[in-house]
Amino acid sequence: MPTFKLDGKDIPFEPGESIIKAASKQGIEIPHYCWHPGLSAPANCRMCLVELMPAANQRAMMLDIVEWDPKLGDYKNVQKPKLQPACQYPATEGQEVRSDTSAHVLEARKHVQEFLLLNHPVDCPICDQAGECKLQDYWLEHQKTPKRMRDEPVHKSKAVVFGPTIVYDGERCVMCTRCVRFMEEVAKDPVLDMRERGNLNEIFVAPGRQLEGHYTFMTEHVCPVGALTTKDFRFKARVWFLRTAKSVCQGCATGCNAHLDFDPRYNKAYRYRPRDNEAVNKHWMCDEGMLSYRAAHEGRLIEARLGRKASSVDKAVADAKKRLSDVPKESIAVVLSAQHSLEDNFAFRELARAMGTTSLYWSGAGTGYADDILIDADKNPNTAGVKELAGSAKTYAQLLDDVRASRITHIVALGGITPRSEPEDATALGMVGTLVVVASHEGAFSDASHVLLPATSWAEHSGTYVNKKGLRQIAEKGLEPQGASRPAWEHARALAKALGVDIGFTKLKEIRTALIGVGAPPPSAAQVAPAQTPAARP
Ligand code: SF4
Ligand code: SF4
Ligand code: FES
């Protein structure tokens with residue numbers, strides 16, 4: 001692979017790659033605002049300027065400038081090298097590039113910073129971006145001087161509602177056009193643009209339109225400063241109190257990689273942000289996925305129930321045992337769930353085996369909107385995982401048919417959610433003699449349950465999900481288990497123990513070992529990381 005030198009270090013690059021991209025792949029950040037790894041490079045912020053050293057037989061391109069000489073007490077004519085934007089300049093074999101080691105570059109960064117902050121309101125104490133703002137970070141790294149301008153700054157529109165999800169603050173905007181380019185290049189809906197000139201520049205929404213659709217949250221995510229905020233996260237939390245877990249979106253079969261940001265003091269999730277993965281979601285998530293972090297708290301089942309009455313977990317397990325003992329094995333159905341992890345599904349498949357029933361079914365959410373950007377019609381995170389474990393399992397519709405025909409009289413179901421919840425389905429579920437449900441979220445199964453055991457959600461335990469491409473991905477634990485909930489595989493083990501059958505495992509580690517060899521290889525250790533402080537935005 002060809003290489004160039006950046007501050008004396010060899011940097012490999014793919015032909016055609018920009019200097020900034022090649023450097024960022026090596027974990028070296030060249031300061032930038034307008035560049036984003038997933039978007040085109042307009043080179044308009046000038047923060048990424050670097051010095052390109054001439055080859056032995058070449059002359060450097062120099063610019064005539066005037067410089068203040070304190071000894072002379074006057075300006076004098078000098079020359080300085082013409083700096084180039086690293087975001088647009090392609091890397092070339094053997095090129096020597098100076099970034100942090102060039103006095104000219106350091107000087108330029110300082111001035112770009114000062115220029116960008118001339119009219120900036122500096123309302124960091126009430127800005128949602130504070131703590132993860134590039135203006136703040138780069139001021140500290142590359143400027144560190146107080147504001148010199150004493151004039152009234154230019155005022156622009158504030159708190160402009162761009163649409164149902166996004167609010168714009170013109171005074172905080174650095175006109176990087178990342179939001180404009182995202183809507184045009186990724187969302188394929190060029191609804192944003194820039195108007196006016198110079199310090200009157202503003203981002204605006206096309207007349208007669210609003211910023212809407214399935215990818216509006218991404219405009220806020222790519223904004224390097226606090227100019228775009230989501231109505232959902234605005235004024236809700238300070239980011240330095242948040243911790244993050246490497247998660248996987250549960251919204252559909254795409255399995256977008258995400259950061260789940262939560263406040264450990266309140267055991268509360270506050271937002272989802274995309275986690276870069278070129279093979280799955282690149283740098284993006286859809287709006288439905290970004291809001292799906294709410295499912296960590298909404299629609300949850302966190303207490304055991306016997307019918308509609310609250311119960312302890314132990315009592316519920318004892319009741320399940322009573323109801324399932326001495327029942328003909330072929331009348332008992334075990335239902336897997338595409339909403340739950342591979343580990344949970346494995347545990348229930350093993351429970352079925354231990355109980356001696358071969359009547360396996362699977363359930364989960366139904367289908368919905370799809371596009372050719374990210375969103376899949378299958379609204380389950382683990383359909384492929386269930387198919388790996390039990391390819392011949394029958395569908396929810398077949399389960400209801402078998403119940404109506406009295407072939408199935410007892411059900412042990414993982415997951416509360418079903419593909420549909422029509423009145424006639426509820427009537428069929430009402431015919432079941434015993435319905436034992438282990439679930440994290442409410443649904444038709446939990447509504448009709450005789451015994452309910454509360455399971456931890458994907459946010460409260462480490463679990464593996466197989467996306468539609470067959471990729472196994474781990475969603476790490478962020479929150480502590482809520483209420484009496486515990487991992488569904490633990491409930492499966494408790495049920496097996498109560499029924500006096502051997503389920504074959506006692507620990508998560510044993511389940512994971514058993515899963516090696518079933519379908520795709522297990523996720524690498526790199527995909528498993530402990531909760532950490534939120535990662536910097538690109
Ligand atoms: S709103 Fe944000 S992303 Fe859009 S141009 Fe302004 S600073 Fe850039
Ligand atoms: S495309 Fe699917 S997996 Fe990705 S963010 Fe949206 S709902 Fe989540
Ligand atoms: S990042 Fe290169 S000019 Fe903006």
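**Notebook: hairpin, sheet, cavities and backbone**

I began with β10 and β11, which form a hairpin with 6 residues between them. In the turn, I noted Glu196, whose phi is positive at about 65°. The model is predicted, and I read every entry below with that in mind. I recorded Val205 in β11 as the bridge partner of Leu192.

**Entry on the whole chain**

I took the overall figures for the protein chain next. The protein chain has 538 residues, and 52% of them count as buried. I listed 14 helices and 24 strands as its secondary structure. Along the principal axes, the C-alpha atoms of the protein chain fill a box of roughly 100 × 50 × 40 Å. I also looked up contacts with a separation of 6 or more in the protein chain; residues 24 or more positions apart account for 68% of these.

**Entry on the open sheet**

I traced an open sheet of 5 strands and wrote down its order as β2-β1-β7-β3-β6, with mixed pairing. Its edge strands are β2 and β6 (84–85), each of which pairs on one side only. Within the sheet I examined β3 (residues 49–53) and β7 (residues 96–98), which run antiparallel with 3 bridges between them. Met53 has Glu96 in β7 as its bridge partner. I then asked which strands helix α2 touches where it packs on the sheet. Helix α2 (residues 103–117) touches β3 and β7, and its direction makes about 165° with that of β3.

**Entry on cavities**

I searched the whole structure for cavities of 30 Å³ or more and noted 3 of them.

What classes of residue make up its lining? I found 11 nonpolar residues, 1 polar residue and no charged residues there. Among the residues lining the second largest cavity are Cys173, Cys176, Cys179 and Cys223, together with Tyr168, Met175 and Thr177. I also listed Val174, Ile203, Val225, Ala227 and Leu228 in this lining.

**Entry on positive phi**

Most residues other than glycine have a negative phi. Asp7 is not a glycine, yet has a positive phi of about 50°. I placed Asp7 in the loop between β1 (3–6) and β2 (9–12). Is Asp7 buried or partly exposed? Its relative accessibility is 28%, so Asp7 counts as partly exposed.

Phe235 is likewise not a glycine and has a positive phi of about 60°. I found Phe235 in the loop between β12 (228–230) and β13 (243–248). Because its relative accessibility is 57%, Phe235 counts as exposed, the cut-off for that class being over 50%.

Notes
Residues numbered from 1 in each chain as written. Chains lettered and ligands numbered in written order. Predicted model: local features only at pLDDT ≥ 70, side-chain atom pairs only at ≥ 80, totals over all residues. Heavy atoms only, no water. Helix = DSSP H or I, 4+ residues; strand = E, 2+ residues; numbered from the N terminus. Buried < 20%, exposed > 50% of the residue type's maximum accessible area, 1.4 Å probe, protein only. Pairing = 2+ DSSP bridges. Contact = heavy atoms within 4.5 Å. Axes fitted to C-alpha atoms, helices over the stretch in contact; angles between N-to-C directions. 1 Å grid on protein atoms, 1.4 Å probe; cavity = no way out; pocket = protein on both sides within 12 Å on 5 of 7 lines; lining within 4 Å. Points joined across faces, edges and corners; volume = space filled by probe spheres on them. Nonpolar A, V, L, I, M, F, W, Y, C, P; charged D, E, K, R; others polar.
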